[in-house]
Amino acid sequence: MSASRKVPVNAPLITDAAKRYVNEAMETGWISSAGPCIGKFEKAFADFIGVKHALFTTSGTSALHLGLLGLGVGPGDEVIVPDFTMIASAFAVMYTGATPVFVDVDPETYNLDPSLLEARITKKTKAIMPVHIYGHSCDMDPILSIAKEHGIGILEDAAEVHGATYKGKKCGSLGTVSAFSFYGNKIITTGEGGMVCTNDDVINERVRSLADLAHSKKKRFVHEELGYNYRPTNLQAAVGLGQMESVERFLDRKRSMAALYNAGLKGIEGLRLPVTKGYAENVYWMYAVLVEKSFGMSKDDLCAKLKEKGVDTREFFYPCHSQPAIAELYPTKDRFPVTEDIAQRGFYLPSGLAITNEEIEYVCECVRSIADM
């Protein structure tokens, strides 16, 4: 492969089944928020995760918002969120009028550190939001135990872990409620979209009402409370339904991609490869690495040199507590040393399902050639 060829950080793989279902939706006129694919997609995903209910929404962020509302989170409440996560996790808390309370993460998995939870819980704590990062589950047992002890709900942010497991159970089936994302770079994609999953009948009924503008049970178009238009389209559901038919193939491919990266990058001094704990089945949503001092150059310099060779990368999330939109409203003197450190040193390599083995080998060759400079 020549260096002039571009390897994108993510390129989705759209199946023939997805295209067929979209064409059927177009031909039959079911293109808006009503249509048969929505219910079929919800059932397929609920069965896959192993939950009773699944509600298709417009985005992962709206799914988080609805999940929090389903737990009764509102003004005056606090929700514990890892400092290392995509900003949508914290923003969803802010949408409810509650306060995000940040906690640092584990240095190996980058997930919420359960040993730090107790110190962050107050009388105002209404929920904990463990975010499963980059395809690896949080260590859920201690989180579940602490939540139960304090009578606190759990909203799993499972945006990045379609099909990942914790001790044999699917991520997204462990908490009180969970939220998934189907953004274009996710393992299952609908372009934009999300899913709220739960085994709780009351929460399911609540979030379904809120997502559809909270029409009164007594009479449609009468609204007794604030609702939201979080309805996705049947066209999006058609894509998702088609993708679900290949989900096991997608997961196998993600694991094989990670194996190729592991083999191709093994032994490079100063490059820390992904860690998988014994309790987790990692689906490697993104192949994330850390640059150590011994590598000989910074993460930014490495990414810049990879870009010169046509390899696209993405740096890790910035600490939530330091984001201007959050820091101005919720200033804190607390430090989050792990998050602050990995945000400076971490990035992920091309990980989209459409990537070829040849492209992965090329990426590994580029990293090795830069390391040898």
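Guide: A cavity is a set of grid points where a 1.4 Å probe fits but cannot get out. Keep in mind that the structure above is a predicted model. A search of the whole structure finds three cavities of 30 Å³ or more.

Visitor: How do you know where empty space is left?

Guide: A probe the size of a water molecule is rolled over the atoms, and that shows the empty space.

Visitor: What is the volume of the largest cavity, and which residues are closest to its centre?

Guide: The volume of the largest cavity is about 110 Å³. It has 13 lining residues, and Tyr110, Tyr134, Pro274, Val275 and Asn282 are the closest to the centre. By class, nine residues of this lining are nonpolar, three are polar and one is charged.

Visitor: What makes a residue part of the lining of the second largest cavity?

Guide: A lining residue has an atom within 4 Å of a point of the cavity. Among those that line the second largest cavity are Asn10, Pro12, Gly184, Lys186, Gln243 and Leu353. The space in this cavity comes to about 50 Å³, and its lining has five nonpolar, five polar and two charged residues.

Visitor: Why is a pocket not called a cavity?

Guide: A pocket is an open set of points, whereas a probe in a cavity cannot get out, so the two words are kept apart. The largest pocket here has a volume of about 570 Å³. Its lining counts 31 residues, with Met86, Ser181, Tyr183, Asn185 and Lys186 nearest the centre. Helix 3 (60-70), helix 4 (88-95), strand 8 (177-181) and strand 13 (314-315) each give two or more residues to this lining. Sorted by class, the lining of the largest pocket has 16 nonpolar, nine polar and six charged residues.

Visitor: How do the residues lining the second largest pocket divide by class?

Guide: Seven are charged, three polar and two nonpolar. Asp, Glu, Lys and Arg count as charged, and the lining includes Glu205, Arg206, Asp212 and Lys217. Those four therefore belong to the charged class. The volume of the second largest pocket is about 280 Å³.

Visitor: Why is Arg345 called buried?

Guide: The relative accessible area of Arg345 is 17%, and buried means under 20%. The value falls under the cut-off, so Arg345 is buried. Arg345 sits in helix 11 (residues 337-345).

Visitor: What makes the pairing of Arg345 and Glu292 a polar contact?

Guide: The side chains of Arg345 and Glu292 are joined at 3.0 Å, and the cut-off for a pair of N or O atoms is 3.5 Å. The distance is within that limit, and one atom can donate a hydrogen that the other accepts, so the pair counts. Leaving aside neighbours within four places in sequence, the contacts of Arg345 also include Arg272, Val289 and Lys299.

Visitor: Is Gly151 buried or exposed, and how do you know?

Guide: Gly151 has 68% relative accessibility, and exposed means over 50%, so Gly151 counts as exposed. Gly151 lies in the loop between helix 5 (140-150) and strand 5 (153-157). Gly151 and Lys126 are 25 residues apart in sequence, and their C-alpha atoms are 8.4 Å apart in space.

Visitor: How does the reach of helix 12 compare with the expected span?

Guide: Helix 12 (residues 357-371) has 15 residues and reaches 21 Å from first C-alpha to last, close to the 21 Å expected. Among its buried residues are Ile360, Tyr362 and Val367. The buried residues of helix 12 pack against helix 8 (247-265), strand 10 (271-272), helix 9 (299-308) and strand 14 (346-349).

Methods
Residues numbered from 1 in each chain as written. Predicted model: local features only at pLDDT ≥ 70, side-chain atom pairs only at ≥ 80, totals over all residues. Heavy atoms only, no water. 1 Å grid on protein atoms, 1.4 Å probe; cavity = no way out; pocket = protein on both sides within 12 Å on 5 of 7 lines; lining within 4 Å. Points joined across faces, edges and corners; volume = space filled by probe spheres on them. Helix = DSSP H or I, 4+ residues; strand = E, 2+ residues; numbered from the N terminus. Expected span 1.5 Å × (residues − 1). Buried < 20%, exposed > 50% of the residue type's maximum accessible area, 1.4 Å probe, protein only. Contact = heavy atoms within 4.5 Å.
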